[in-house]
Amino acid sequence: MHSWARGTAGLACAGSLVLAAAGCGGSDGAQDAAGGGHKAADAKDRPATGVVTRAQAGKIFDRYERINNRANKHSDAKVISQAEAGPVYQESKATFRLQKNWKKKRIEEYKEPFNYIDRKFYIPRKGTADWFVMVAHSKSPGQKKNKYPGIFVMQKKSQGWRLVAASYSDTTKIPRIAKDEDGFAQPVTDPDKKRGALAPSGLSDALFDLYSEEGSTESTGFASSKATHWIRKVPKTQNKLLTPYAEAVFSRGESGDEQLHALRTSDGGALALFSTQVREHDRGTQATATIHPSGEMKVYVGETGRPSFFVDWLHQSSAHLPPHGKARLLSSEYIMTGAAPGTDSEGRMPGVTS
């Protein structure tokens with residue numbers, strides 16, 4: 001993945017690109033038992049250890065940069081799979097595919113190498129999580145660093161460490177992460193418990209509620225922000241383009257791949273990264289209506305117009321949930337991950353029977 005550029009949807013236009021990052025290896029750092037009849041050190045006497053050390057985090061982060069830059073140069077999903085998984089990998093695959101619709105200049109800019117600077121690692125204590133968080137700025141050679149920091153989650157998978165979540169904030173102010181007595185970040189262990197107006201587990205539903213044209217932003221549990229503002233504009237913009245011959249109806253997409261990672265913040269709240277799948281159904285409201293796919297949609301469905309289309313979108317977002325009041329959506333980026341001709345007015349994709 002590389003840099004992101006959020007955009008309001010046109011007739012199912014492409015969404016955002018996200019800058020990805022980070023990785024590390026693991027080590028317990030525990031003292032070995034001494035030989036010659038000496039007793040092994042008691043657990044309480046051993047130094048506290050994290051999921052990884054900061055040195056390991058930095059080294060594997062460097063590895064991610066090398067793999068990512070190589071994958072971007074060749075638009076190679078197989079290469080990037082060596083360093084990404086989950087929603088981040090879905091986005092990279094979609095990005096490489098959507099490049100068929102990009103201008104040459106944009107493709108060349110995307111291929112420019114970059115690295116992450118001003119890195120800050122938030123590492124949980126070993127045994128409390130199999131992931132950690134990094135906050136950093138991206139920078140390409142000869143250019144200034146990105147104004148806003150990115151927040152990244154690296155998780156241990158069977159194949160090794162993989163980046164699974166990434167979100168760039170719309171603000172330079174990231175909430176302060178809570179740490180225990182040994183300096184380790186503290187994962188949220190009760191995601192269903194509300195922090196203020198929302199629980200971390202309810203963030204994805206709350207984000208989808210922003211697609212509703214009814215009610216205020218605050219009714220979703222989010223305070224008004226740049227991110228909530230542009231998301232609420234998406235359905236209005238789509239329907240304005242399709243009216244009076246068609247309409248866009250939004251529903252939750254396949255939630256099985258959605259992920260949530262949250263750390264406690266020093267104010268008693270939480271910082272969460274989460275993904276949301278949204279399905280858009282563009283359908284004619286008149287018998288003779290034909291919907292023509294956008295440039296991005298053509299990558300998936302070709303150029304032939306249809307009475308209806310389904311378009312799948314993937315959001316990657318970050319939010320601060322304070323102990324009291326509304327949650328703040330720090331950022332949300334989205335990208336088109338699929339599209340297909342519609343089958344009927346019930347919202348079923350081709351081949352789906354129930």
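## Cavities

A cavity is a set of grid points where a 1.4 Å probe fits but cannot get out, and its lining residues have an atom within 4 Å of a point. In this predicted model, the largest cavity is lined by P87, V164, A165, A166, Q259, H261, L273, F274, S275, Q316 and S317. Its volume is about 50 Å³. At least two lining residues come from each of the strands β4 (160-168), β7 (270-284) and β8 (308-321). Six of the residues lining the largest cavity are nonpolar and five are polar, with no charged residues. The count of cavities of 30 Å³ or more is three.

The second largest cavity has a volume of about 40 Å³. W131, V133, I151, H261, A262, L263, L271 and L273 form its lining. Two or more of these residues come from each of β2 (131-139), β6 (260-264) and β7. Strand β6 gives the largest share, three residues. Seven residues in the lining of the second largest cavity are nonpolar and one is polar, and none is charged.

## Second largest pocket

The second largest pocket holds about 190 Å³ of space. Its lining consists of D118, K120, Y122, V135, A136, H137, P149, T172, I174, P175 and R176. Strands β1 (115-122) and β2 each give two or more residues to this lining. By class, the pocket lining has six nonpolar, two polar and three charged residues.

## The four-stranded sheet

Strands β1 and β2 also belong to an open sheet of four strands in the order β1-β2-β3-β4, with antiparallel pairing. The edges are taken by β1 and β4, each of which has a single partner strand, so one side of each is left without a neighbour in the sheet. On average, neighbouring strands are turned by 30 degrees against each other, direction ignored.

The antiparallel pairing of β1 with β2 runs over six bridges. K120 has V135 in β2 as its bridge partner. Helix α1 (residues 54-74) packs on the sheet and touches β1, β2 and β4. The direction of α1 makes about 145 degrees with that of β1. K120 and V135 are also among the residues that line the second largest pocket.

Conventions. Residues numbered from 1 in each chain as written. Predicted model: local features only at pLDDT ≥ 70, side-chain atom pairs only at ≥ 80, totals over all residues. Heavy atoms only, no water. 1 Å grid on protein atoms, 1.4 Å probe; cavity = no way out; pocket = protein on both sides within 12 Å on 5 of 7 lines; lining within 4 Å. Points joined across faces, edges and corners; volume = space filled by probe spheres on them. Nonpolar A, V, L, I, M, F, W, Y, C, P; charged D, E, K, R; others polar. Pairing = 2+ DSSP bridges. Axes fitted to C-alpha atoms, helices over the stretch in contact; angles between N-to-C directions. Contact = heavy atoms within 4.5 Å.
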